[in-house]
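Here are my notes on the model you sent over. Open the structure alongside and read the points in order.

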Amino acid sequence: MVEFKLNGKPVNVDAGEDARLLWIVRENLKLTGTKYGCGTGLCGACMVHVDGKRAFSCQLSLSEVAGKAVTTIEGLSPDRSHPVQKAWLAERVPQCGYCQSGQIMSAAALLAETPHPSRDKIVEHMSTNICRCGTYPRIVRAIERAAREG
Amino acid sequence: MNQHIKASGHRTAINRREALAAAAGLTFSFLLPVGKDESAFGQPSGAMRTAWLTIRQDGVVTIVSPAAEMGQGSRTSLALIIAEELDADWKRVQVEMSPLDDAIYGNPRYKIMYTAGSASVPTYFTPLRLHAARARRVLIDNVAEKWGVPAAELATEPGVVVHKLSGRRMTYGEIASFARVPAVLPAVTEADLKPAADFRYIGKDVLRVDVPSKVDGSAQYAIDVQVPGMLYGSVLRAPVESSSPNEVDKQAASQIPGVVDVVTLPYGIGIVARTPEAAFAAKAKLKVKWSAVPGSTFNSVEALERYAERAKDLTVEGKVWDKAGDVGAMSQAKTTVEAVYRTDYAYHAQMEPLNALASVSGSGDTAEVWCGTQAPTIARAAVARALNIGPDKVVLHAMLLGGGFGRRGHYDAEYVVDAALLSRAAKAPVKVIWTREDDIHNGRFRPMTAHYLKAGLAADGQVMAWRHRVCSEEALAFQDSPRFKSRNERAIFSMLGTEQPSYDLPNRLIDHVRQVDGMRLSSMRGTGNPPNAFVTESFIDELAHAHKADPMEFRRGLVAKVPRALAVLDTLSGMSQWQRKRSDGRGLGLCFRNEDGTLIGMVAEVSVDRKTGVVKVANVWAVIDAGLAVQPDNIAAQIEGAIVYTMGAALSERVTIANGTVEQSNFYDYNVPRMSDVPAIEVKVLSTANPPSGIGEMGGNVTGAIANAVAAATGARVRHMPLTPERVLSAMRA
């Protein structure tokens with residue numbers, strides 16, 4: 001049994017300690033906004049926050065988050081009101097949308113650490129996340145908007 | 001937001017027919033412009049309903065849209081076209097996936113529900129407008145009768161019929177509560193449709209209905225669906241198509257905790273387990289000997305050289321794709337130019353690995369499936385064939401697609417059948433999830449191609465003759481053999497985009513020589529266009545170079561009789577500052593294309609590292625004329641996206657096959673563009689007084705601009721796509 005906080009609430013999970021957080025969150029805890037894309041930490045579709053820092057949930061075992069606070073896209077805001085989500089809507093970023101939870105979680109982590117990142121910093125930080133629909137130009141614009149409008 | 005997409009979208013056709021029966025007595029003839037005749041009806045509850053729209057008493061209008069939504073936006077655009085002509089209030093419109101019924105909702109081009117080929121808005125545009133106009137006339141006629149005024153005195157505003165002379169207004173919801181519907185509808189022709197100047201929504205941008213759910217994690221893809229008692233599946237597929245398991249050692253796999261069953265399938269081995277991770281781990285433990293098939297010895301690097309030799313050998317008879325005049329005029333040319341081009345296999349890499357959930361009844365005679373598909377009726381039929389039951393025994397839930405790009409419309413819908421077969425074996429609902437490695441190893445690729453080109457120039461630079469031969473396997477033959485046969489076995493996917501309808505090429509012969517090597521192939525965003533844009537637009541630049549002409553001016557000569565094309569080039573020239581010299585070893589490259597009636601021109605600006613051969617794309621300017629721009633910002637988004645998508649195939653993405661086995665495995669050896677690779681992109685959408693044409697694939701023609709920019713920057717022509725650093729260096733040294 002492993003206990004951690006998920007989106008502010010304590011959860012207990014009875015699964016092997018080697019089980020990956022991604023699958024626990026999706027299949028056991030039914031929060032499917034966090035996506036499986038590559039299983040190797042190369043695409044960022046599974047990005048969550050652990051104690052406020054972004055992390056590839058496909059690379060984290062359950063035991064590694066014991067006692068920690070995990071935030072998924074569902075916990076970012078109750079009503080799409082996080083500045084990054086508002087900017088994402090304003091810039092009409094998503095296309096297929098599959099990678100976007102991970103993109104938004106990466107962007108939110110960036111702005112939490114660096115409220116006014118340079119363009120180069122945005123590109124460097126966000127290059128962990130693949131978007132096959134090619135929404136990158138709009139992601140950059142949305143992050144700059146979120147930094148501006150807060 | 002008031003609009004939404006229902007997560008598990010579709011309702012069965014049975015519901016509609018039951019509803020029709022329930023409304024007996026109120027039915028009226030409502031000629032459907034798409035597919036077969038279909039009646040609409042006022043329901044006893046007071047709603048007014050057609051096959052495409054329902055107006056409720058509370059004024060909410062539900063519009064069904066048959067387009068699969070994979071981010072391209074046509075689910076919204078089709079509904080918006082109906083709302084425009086109906087004069088509905090978009091804020092009170094809900095959009096749902098249409099039922100599965102090809103006769104009513106089939107794409108007018110394909111005759112089935114199939115979202116592909118950038119064909120949704122262009123083909124449905126007029127039929128849907130006509131349909132909505134008829135529904136609007138019914139509303140107006142009812143009000144005219146009620147108020148005793150001539151219908152001609154009535155107008156509509158969003159969701160309201162208005163009588164200006166008396167100031168009276170009645171909402172669509174109120175009308176729906178009493179609407180009587182005539183047995184014969186008032187005739188509506190294209191001349192009766194709303195003039196473009198009166199459009200309220202078309203040409204302005206609305207938020208796509210699927211977008212809000214995609215910023216809070218609530219969007220539902222097939223991989224997200226969970227049903228009670230569900231198990232997880234994973235399939236080890238034969239490395240080569242048509243190979244099958246000869247010997248299977250299941251022991252190690254069976255011992256993985258959580259494994260429920262190990263199932264031998266005709267084409268592989270399936271694992272059924274209690275968690276996805278157990279299923280993946282068990283699959284990795286399988287030991288299988290596969291039957292040898294002709295493809296088992298296939299080696300793509302060698303095969304491409306074989307294709308190139310075949311392409312050059314004009315004694316071999318080819319299948320003509322496009323022909324005009326007499327290509328023999330070549331002998332009169334002052335200058336001739338000849339070249340061989342090659343393109344490699346490319347992989348879709350949609351972000352959602354293929355997956356499906358199926359729940360087959362214990363007796364095996366009915367099934368329910370959830371999947372992301374571009375062709376729901378094809379997928380339903382494939383499941384029915386695999387289970388040996390009728391398609392009417394399969395309920396298919398068409399989910400949002402985490403990327404499609406042509407990968408999800410194949411005749412055999414193999415990833416959906418995986419789930420159906422494992423569910424039947426396990427007697428439980430099974431969600432089969434392909435790993436990323438499965439998705440590449442079992443990938444179906446845009447085929448590699450070899451091209452021979454020769455052209456002759458007159459002294460004044462006119463192209464007197466154009467000869468182009470393509471040698472390749474044909475993807476359509478693999479992905480949809482019945483459709484391939486019905487199209488006279490033409491190599492449609494290989495050849496699309498070799499024809500160049502805007503260019504003045506009076507003497508031309510373009511043909512195909514087909515190879516059959518048994519590889520797994522697919523259309524991929526733009527089918528032949530991205531590779532053929534690379535080949536033909538590179539070669540056009542070679543001709544310009546031979547004539548010592550500026551590439552822009554050379555193309556202006558080729559499109560001199562096409563004003564729309566000239567307008568695109570002129571706009572592009574200004575945007576990109578084509579005339580301005582670039583420094584620092586940067587190069588500008590141009591391409592112009594007429595793809596399926598959409599005109600697009602692009603200029604790429606690149607720099608090339610002369611030591612490493614690495615190409616960096618700094619800027620892309622794009623100008624598109626797709627006729628009437630229904631959703632301009634969405635068009636720009638699609639062009640941006642397709643440029644990013646296809647610059648991967650242009651520069652880095654490459655699949656190789658050795659001994660019939662795909663050599664790449666994941667994003668570490670299949671390199672797709674990341675944000676750090678992406679240029680500044682500027683898109684200009686020209687909305688013109690022409691019918692809307694396709695937009696989703698057209699940015700993929702950027703291959704030609706990038707290749708020409710690399711040649712401009714280095715002085716060396718790379719004739720093999722992708723333009724990997726090794727190939728660029730090798731061309732520079734030659």
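1. Some ground rules. This is a predicted model, in which local features need pLDDT of at least 70 and side-chain atom pairs count only at pLDDT 80 or more, while totals for chains, interfaces and linings use all residues. Residues are numbered from 1 along each chain as its sequence is written, and chains are lettered from A and ligands numbered from 1 in the order in which they are written.

2. Chain A, the overview. You'll find six helices and five strands here; helices (H or I, at least four residues) and strands (E, at least two) are DSSP runs, numbered from the N terminus. Going along the sequence, the pattern is β-β-α-β-β-β-α-α-α-α-α. The radius of gyration of chain A is 15 Å, close to the 15 Å from the globule rule for 150 residues, so chain A is as compact as a globular protein of that length. (That radius is taken over C-alpha atoms, and the rule is 2.2 Å times the number of residues to the power 0.38.) The C-alpha atoms fill a box of roughly 45 × 25 × 25 Å along the principal axes.

3. Of its 150 residues, 59% count as buried. A residue is buried if 20 or more other C-beta atoms lie within 10 Å of its own, exposed if 12 or fewer, and partly exposed in between, with C-beta atoms placed from the backbone. Two residues are in contact if their C-beta atoms, placed from the backbone, lie within 7 Å. Among contacts between residues at least 6 apart in sequence, 62% join residues at least 24 apart.

4. Follow β3 of chain A. Strand β3 (residues 47-50) pairs with strand β4 (residues 53-56) in the antiparallel sense, over four bridges; two strands pair if DSSP finds at least two bridges between them. In this hairpin, two residues sit between the strands, and A:D51 takes a positive phi near 50°. β3(A) also pairs with strand β5 (residues 69-71) of chain A, again antiparallel, over two bridges. Which residues face A:H49? Its bridge partner in β4(A) is A:R54, and in β5(A) A:H49 stands opposite A:T71.

5. Two domains in chain A. The assignment gives domain 1 (2-76) and domain 2 (83-149); such bounds come from an automatic or database domain assignment. Their centres, taken over C-alpha atoms, are 21 Å apart. In this chain, 16 residues of domain 1 are in contact with 14 residues of domain 2. On the domain 1 side, β3, β4 and α2 (73-76) each supply at least two residues, and β3(A) gives the largest share, three residues. By class, that side has seven nonpolar, six polar and three charged residues. (Ala, Val, Leu, Ile, Met, Phe, Trp, Tyr, Cys and Pro count as nonpolar, Asp, Glu, Lys and Arg as charged, and the others, Gly among them, as polar.)

6. Where the chains meet. How many residues of chain B are in contact with chain A? There are 46, and they touch 42 residues of chain A. On the chain B side, α7 (276-285) and α18 (632-651) are the elements giving two or more residues. The largest share, seven residues, comes from α18(B). The chain B side divides into 24 nonpolar, 12 polar and 10 charged residues.

7. Domains of chain B. The assignment here gives domain 1 (13-202), domain 2 (223-292 + 354-433) and domain 3 (313-329 + 339-346 + 445-733). The centres of domain 2 and domain 3 of chain B are 37 Å apart, taken over C-alpha atoms. Nine residues of domain 2 are in contact with 12 residues of domain 3.

8. A strand with two partners. Four of the five residues of strand β18 (residues 367-371) of chain B are buried, so β18(B) is largely enclosed by the rest of the structure. Five bridges join it to strand β17 (residues 355-360) of chain B, running antiparallel, with B:A356 opposite B:C371. The hairpin of β17(B) and β18(B) has six residues between the strands, and B:G364 takes a positive phi near 80°. With strand β19 (residues 394-398) of chain B, β18(B) pairs in the parallel sense over five bridges; there B:A367 stands opposite B:V394.
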